[in-house]
Structures are given as structure tokens and as C-alpha cells.
Amino acid sequence: MKKKVVQQKWKKKVFALILVVVLCFGSLLFMQMRYTHVLGLVSLQHQLVSQVQKPKIAFLFIARNRLPLELVWDAFFRGGDNNFSIFVHPRPGFVLNEATTRSSYFLNRQVNDSIQIDWGEASMIEAERILLRHALDDPLNDRFVFLSDSCIPLYNFSYTYDYIMSTPTSFVDSFADTKGGRYNPKMDPVIPVYNWRKGSQWAVLTRKHAKVVVEDDTVFPMFQKFCKKKPLPEFWRDQVIPADTSKIHNCIPDEHYVQTLLAEIDNIYYETEYRREWCTSKGKPSTCFLFARKFTRTAALRLLNMSVLGDFS
């Protein structure tokens, strides 16, 4: 009887010992699996971080047909390290292929829904909105630069990129336009006169402000309806001529739209119409302009060959 009791106790001890060993082994195996899982996650995280691309600048060109200064821009984009994207709004049906551009950067970069643009008409604003819509499809595009086909860069890509990305704000030439003749009282109350702004259409927008422009369905219709350029005298025979032609509204939409829209949205207030070029940053002299306009192909290429524009590499 005693022998049986001893055997049973021994069996229980052995079973307990085996159970402890199994539990320990299981715990070690579980810890090893978790450790391997954690290492895998850390490795994946590092891979993702290494693959994350820097925010990009979208260069938005409004062109007639070809880009006469494409070789200057080609030299500029060579230093871009793919931190940019290009969109071109030409006339409807125009395609940037090997027959129409000598720069690989511009190949097939035309938007497929371009419209006919008339100077001094709201179609210019719509072209800007079309470019922004396409550029916003890429989530990496974080800044949006409007350029004409006669624009050239004044600095290399690295400097331009760092300058634009150094601040979370948009770069918009905007001032209160208190002179009569352009603001149409019929815009009120949608666009009150105290929000009426003027400035250059060639701006740099943040992604937030680019979305504001694209999603706007309030201010833009007012511009389409009430902001129109003064008709040329040769067309007056088709209209009723007012006694004082100087009082005819002569509104150029692209010189007012973005500025006025941002004043409406962000409650930007300007006390005076007088402009001042702010060429300082944190109390130190700073660059005023990154691009220049109205260059002919010959002039721009000559500047590039003379290295006046600097080293773009």
C-alpha cells in the first residue's frame, strides 16, 4: 500500500515537472515569436520610412502651345531629385510629345481637359482651377506654383525648393484695391468691397489654399458673371455706349480672384492699398523673387549660356 502511494506521488511530481517544462517552453516560444514579430515590424517601419518621399512642388504652366523656354526648365529640373511634378495647360487638343518638346520632363504633361483661354476673361481662372485639380490628385504635391510659358527660374531647384518649403504659408501678391472701376457693386454681399483684392496671378499656394480654390463654388461664379474686361472700342458698335465710358467696369479676373477668395476665406485684412515688397526674413535680407516673366526664348537661352541664371545642377 505504501509503495502504491509513493508511486502515485512520484507520478504527480513527474507530471508537474513535465507541465512546468512545457509551460516554460511554451512561454519561451511565445516570447520568441513576439520578439520576431516586433523585429519584423521595426524592419518594416524602417523600410517605409526610407521609402517615404519628401513633399513635392507642383509646377503649373499656363501655355499657348509649346513651351519656348523648356530648355531652361529642363536644366532647372535636373537638380530636382523627383521632388516635383509638372502640369501644363495648353490649348485644347495640343499634346506635348517628342515632336513638340525637346525636354523629357514635359512629355505628355498636358492636362486632358484644357479649355480655350481668352485674356481678361474668367477662362484664365478656370484654367488655373483645372491645373490644381489634376495636381491635387497626387497626395505628395504640397505646394503649387503658377507659371506662364514666358517664365524662367532665377535659382537652382534646391534653393527654390528650400525657400518655398521653409514656410507653411502661401506666397500671394495681394493688396486692397480701393480704386474705382474694377469692383462691381453687384458682387455684394457675396463679395463685399472690403474683401476686394488685387495682385499678380502668379502665386505659390499651399495644399490647403489649393483645395480652397478648387472647391470654391461661391466666389468664382461671381467673377464669371460680374468681373469682365472692358470691351475694345471697335466692339462698342454692338453695344449700348454709356455717356461716360470711363465708368465702364474693366475687371481682369485673374488679377483679383485668388487674392479676393483668400481674403473671403481667411479673413485677411489690409489697411492700405499701398504695396511693399517684404525682402526680409527674421530681420535678415531675403530673396524677393524666385521667378521672372516675359522672357523670349532667345533671351532666356542667352542668359543660360552666360551662366547669368546660375548653376542649375
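## Chatting through the fold

Trainee: Hi! Where does K294 lie?

Mentor: K294 lies in the loop between β10 (291–292) and α8. Keep in mind that this is a predicted model.

Trainee: Noted. What is phi of K294 near?

Mentor: Phi of K294 is near 65°, which is a positive value in a residue other than glycine.

Trainee: And is K294 buried or exposed?

Mentor: K294 is exposed, and its relative accessible area is 66%.

Trainee: Which other residue has a positive phi without being glycine?

Mentor: Take N82, where phi is near 65°. N82 lies in the loop between α2 and β2 (84–89). N82 is exposed too, with a relative accessible area of 59%.

Trainee: OK, on to peptide bonds. Which one is cis?

Mentor: The bond from D188 to P189 is cis, and its omega is near 10°. As for location, P189 lies in the loop between β5 (175–176) and β6 (197–198).

Trainee: Let's switch to helices. How is a pair of packed helices described?

Mentor: By two quantities, the angle between the axes and the distance between them.

Trainee: What are those values for α2 and α8?

Mentor: The axes of α2 (residues 70–77) and α8 (residues 297–305) come within 9 Å, and they cross at roughly 35°.

Trainee: Which residues meet there?

Mentor: From α2 you have L71, V72 and A75, and they meet R297, A300, L301 and L304 in α8.

Trainee: How does that contact split by class?

Mentor: The contact of α2 with α8 has 6 nonpolar residues, no polar ones and 1 charged residue.

Trainee: Nice. Which residues of α6 are buried?

Mentor: In α6 (residues 219–226), the buried ones are V219, F220, M222, F223 and F226.

Trainee: Why do they count as being on the same side of α6?

Mentor: Because they cover an arc of only 160° around the axis, which puts them on the same side of that helix.

Trainee: Let's zoom out. How many helices and strands does the chain have?

Mentor: Its secondary structure comes to 8 helices and 10 strands.

Trainee: And what share of the residues is buried?

Mentor: Of the chain's 313 residues, 39% count as buried.

Trainee: What about the surface, how much of it belongs to carbon and sulfur?

Mentor: The accessible surface of the chain comes to about 19,300 Å², and 58% of that belongs to carbon and sulfur atoms.

Trainee: Last one: what part of the contacts with a separation of 6 or more comes from residues 24 or more positions apart?

Mentor: Those residues account for 77% of such contacts in the chain.

Methods:
Residues numbered from 1 in each chain as written. Predicted model: local features only at pLDDT ≥ 70, side-chain atom pairs only at ≥ 80, totals over all residues. Heavy atoms only, no water. Buried < 20%, exposed > 50% of the residue type's maximum accessible area, 1.4 Å probe, protein only. Helix = DSSP H or I, 4+ residues; strand = E, 2+ residues; numbered from the N terminus. Arc of directions from axis to C-beta. Axes fitted to C-alpha atoms, helices over the stretch in contact; angles between N-to-C directions. Contact = heavy atoms within 4.5 Å. Nonpolar A, V, L, I, M, F, W, Y, C, P; charged D, E, K, R; others polar. Areas by Shrake-Rupley, 256 points an atom, 1.4 Å probe, with all protein chains shown as cover.
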